[in-house]
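Take a look at the model below. The paragraphs after it lead you through the fold, one part at a time.

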Amino acid sequence: MMELLLPDSAGEFHSYTLSGKTLPQPKPGGFKSRVAYAAAHVVLDSERTSNIASPVLDWESTLAFRRHLWSLGFGVAEAMDTAQRGMGLDWPLALELIQRSVAEARACNGVIACGAGTDHLAPDAARNLNHILSAYTQQCEAVETAGGRVILMASRALARVARSPEDYAHVYGTILQQLREPTILHWLGPMFDPALAGYWGANDLHKAMQHCLAVIRANAAKIDGIKISLLDAELEIEMRRALPPGVRMYTGDDFNYDRLILGDGSGYSDALLGIFDPIAPAAALALQALDAGNTTRYNELLAPTIPLSRHIFESPTYNYKTGIVFLAWLNDFQPHFRMVAGAETARSRAHLIQLFQLADSAGLLRNPELAVQRMKIFLAQEAA
């Protein structure tokens with residue numbers, strides 16, 4: 001068994017013995033019983049990024065990670081908040097990411113859907129609903145021109161300008177009717193983005209849900225599904241049961257995805273999750289077990305990932321990207337632990353040490369020896 005000296009909260013070092021747990025390789029062919037998108041992170045080109053405000057991406061590493069997700073059977077949800085959209089990744093760079101990823105998906109027969117929003121608007125540029133409609137139209141047309149399917153992202157500008165649920169209904173109804181293919185709506189809670197508080201025209205989530213459902217019912221033919229990221233399993237189940245026939249619930253609940261995907265007597269949730277980025281091998285195996293009707297194995301595989309996910313997404317939740325990229329570095333999906341906008345500093349040393357231990361317990365260190373070497377590098381840099 002491998003051992004590593006790790007510091008505790010007081011700075012005292014103690015020996016940590018790795019679990020030795022490894023996951024088998026998922027079978028080729030993916031899975032069929034659920035639709036599952038992984039929202040994927042991006043890899044910074046740290047050598048070519050001289051200005052934190054003008055990041056350059058490592059395109060080969062970024063696209064290679066998407067090929068990894070496709071090889072396991074996942075669809076890729078591109079240019080979403082996991083890719084630091086609106087938190088360092090601006091619209092021009094997001095569009096280039098979308099264009100490159102759609103071309104890559106086409107080359108390897110991968111499923112992809114791409115975020116379109118209004119984030120190119122300056123904070124004071126959106127003064128009325130027409131400005132927001134124009135911005136949504138611009139991004140949706142760009143995604144569709146690239147050959148991508150649209151995920152209609154929540155809009156900070158709309159949250160700021162809208163004065164009633166009817167304003168949301170007008171904007172969404174107008175945009176949805178313009179799209180070529182049914183879209184996935186995206187409801188991101190304020191724990192992920194505080195600027196989205198009061199979305200759909202209400203601070204009370206149950207009232208907001210009813211407003212959102214009204215939009216969905218009025219435009220059901222143009223909607224494939226809705227992804228909600230509210231970290232409230234009971235609210236998701238309530239909304240799932242109220243959706244019109246044919247409209248999917250895509251869970252974005254990184255705390256309770258295991259039971260929401262498994263479902264109950266009234267149905268189940270499909271998935272569009274940031275946590276599928278770091279736990280993709282375990283999730284693919286679990287979904288294959290679900291295909292086979294083996295719910296015991298499904299639960300065995302996902303249960304150890306829940307403490308890891310809850311840790312990665314702990315408050316402040318919007319800093320979860322740091323943990324995802326840290327684990328990608330430990331697992332050699334990128335050559336460094338640097339992030340767009342310097343977000344590698346958003347979590348503490350103690351947080352990342354615990355993340356390493358939880359990933360080990362879940363069998364998610366694909367090369368434990370390399371992960372140990374990189375933890376030593378990390379600790380040495382932190383101590384310098």
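**A walk through the fold**

Helix 6 passes helix 7 in a right-handed crossing (right-handed if the near helix is turned clockwise from the far one by less than a right angle, left-handed if anticlockwise). The contact is made by L205, H206, M209, C212, L213, I216 and R217 of helix 6 with L235, E238, M239 and A242 of helix 7. Contact means heavy atoms within 4.5 Å. By class, this contact of helix 6 with helix 7 has eight nonpolar, one polar and two charged residues. Ala, Val, Leu, Ile, Met, Phe, Trp, Tyr, Cys and Pro count as nonpolar, Asp, Glu, Lys and Arg as charged, and the others, Gly among them, as polar.

A word on the basis of all this. This is a predicted model, in which local features need pLDDT of at least 70 and side-chain atom pairs count only at pLDDT 80 or more, while totals for chains, interfaces and linings use all residues. Residues are numbered from 1 along each chain as its sequence is written, and side-chain values use heavy atoms, with hydrogens and water left out. Helices (H or I, at least four residues) and strands (E, at least two) are DSSP runs, numbered from the N terminus.

Back to the pair of helices. Helix 6 covers residues 205-218 and helix 7 covers residues 233-242. They pack at an angle of about 25°, with their axes 11 Å apart. Axes are lines fitted to C-alpha atoms, for helices over the stretch in contact, and angles run from 0 to 180 degrees between N-to-C directions. Helix 6 and helix 7 are therefore roughly parallel to each other (angles under 35 degrees count as roughly parallel, over 145 as roughly antiparallel, 65 to 115 as roughly perpendicular and the rest as oblique).

Another helix pair comes next. The axes of helix 2 (residues 91-108) and helix 3 (residues 129-146) come within 9 Å and cross at roughly 25°. That makes helix 2 roughly parallel to helix 3. The crossing of helix 2 past helix 3 is right-handed. On the helix 2 side, W91, L95, I98, Q99, V102 and R106 take part. They meet Q138, Q139, A142, V143 and A146 in helix 3. The residues of this contact of helix 2 with helix 3 divide into seven nonpolar, three polar and one charged.

Now to the strands. Eight of them form a closed barrel, in the order 3-4-5-6-7-8-9-10, with parallel pairing. Neighbouring strands of this sheet are turned by 30° against each other on average, direction ignored. Two strands pair if DSSP finds at least two bridges between them.

Strand 4 (residues 75-78) runs parallel to strand 5 (residues 112-116), joined by three bridges. Here V76 stands opposite I112 in strand 5. Strand 6 (residues 149-152) is joined to strand 7 by two parallel bridges, and I151 has I184 of strand 7 as its bridge partner. Strand 7 then pairs with strand 8 (residues 223-229) in the parallel sense over six bridges. T183 has I223 in strand 8 as its bridge partner.

Strand 3 (residues 36-39) and strand 10 run parallel, joined by three bridges. A38 stands opposite L273 in strand 10. Six of its six residues are buried, so strand 7 is largely enclosed by the rest of the structure. T183, L185 and W187 lie on one side, and I184, H186 and L188 on the other. H186 counts as buried because its relative accessibility is 1%. Leaving out residues up to four places away in sequence, H186 touches M80, D81, I151, L152, M153, A154 and K227.

Helix 12 is followed by D332, whose phi is positive, near 65°.

Note on methods
Buried < 20%, exposed > 50% of the residue type's maximum accessible area, 1.4 Å probe, protein only.
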